[in-house]
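These are my notes from going through one model, entry by entry.

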Amino acid sequence: MAIRYYIRLNDPANARGSDADLAFKSGGAEGFASELEDALRTTELFERWQAKQEDPDEVDQGLAAVDLASTVTAEHHDLYIDLVVVTSVPGAVFKHRMKLLAGSHWQLSDVKAA
């Protein structure tokens, strides 16, 4: 079942995870949306993160979940960016990917069944 997440990046310039190799690279709304969509549709971000772990073989493979039908739309406002994410990726996996990409610089404002 797909879930719709409403995300706000209050300070887009600082919406970066602690590891620059895994964090958002974009500065604009469409770029953030594209990067997040890719992170939910493929295992590429997970695999890069896994390779950096002390014991990559012990990483929970449940964190590798993807949803090829995930969509992310973005709307840029004067000081913030709103993202609407529709995905069936489990909530824990979604939050893990957001932490890698944006660190703690994001806010979940609502969650609804899609």
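**Entry 1: Ala114.** I looked up the accessibility of Ala114 first, and because its relative accessibility is 54%, where exposed means over 50%, this residue counts as exposed. I keep in mind that the model is a predicted one. Ala114 sits in the segment that follows strand E4, which spans 107-113. Leaving aside residues up to four places away in sequence, I find that Ala114 touches Ala2, Ile3, Arg4 and Val86. For Val86 I also noted the separation: it is 28 residues from Ala114 in sequence, while the C-alpha atoms of the two are 6.7 Å apart.

**Entry 2: the sheet.** Next I asked in what order the strands of the sheet run. I read an open sheet of four strands, ordered E2-E3-E1-E4 and paired in the antiparallel sense. E2 (71-76) and E4 stand at the edges with a single partner strand each, so one side of each has no neighbour in the sheet. On average, and ignoring direction, neighbouring strands are turned by 15° against each other.

I then went through the pairings one at a time.
- E2 and E3 (residues 81-87) are antiparallel and joined over six bridges, and Ala74 has Leu83 in E3 as its bridge partner.
- E1 and E3 are antiparallel over seven bridges, with Ile81 in E3 as the bridge partner of Leu9.
- E1 and E4 are antiparallel over six bridges, and here Tyr6 has Asp110 in E4 as its bridge partner.

**Entry 3: the two faces of E1.** I recalled that side chains in a regular strand alternate between the two faces of the sheet. In E1, I find Ile3, Tyr5, Ile7 and Leu9 on a covered face, whereas Arg4, Tyr6 and Arg8 make up an uncovered one.

**Entry 4: helices on the sheet.** I checked what helix H1 (residues 29-41) lies across, and found E1 (3-9), E2 and E3, with the helix running at about 165° to E2. Helix H3 (residues 91-102) also packs on the sheet, where it touches E1 and E3 and makes about 20° with the direction of E1.

**Entry 5: helix H2.** Which residues of H2 (residues 44-51) are buried? I list Leu45, Phe46, Trp49 and Gln50. Viewed down the axis of H2, these buried residues fall within an arc of 135°, so they line one face of the helix. H1 and H3 are among the elements that cover them.

**Entry 6: the core.** Last, I looked at the largest nonpolar core, which has 31 residues, and noted that Ile7, Leu9, Leu36, Leu83, Val85 and Phe94 touch the most other members. E1, H1, H2, E3 and H3 are the elements that give two or more residues to this core.

Note on methods: Residues numbered from 1 in each chain as written. Predicted model: local features only at pLDDT ≥ 70, side-chain atom pairs only at ≥ 80, totals over all residues. Heavy atoms only, no water. Buried < 20%, exposed > 50% of the residue type's maximum accessible area, 1.4 Å probe, protein only. Contact = heavy atoms within 4.5 Å. Pairing = 2+ DSSP bridges. Axes fitted to C-alpha atoms, helices over the stretch in contact; angles between N-to-C directions. Arc of directions from axis to C-beta. Core = buried A, V, L, I, M, F, W, Y, C linked by side-chain atoms within 4.5 Å.
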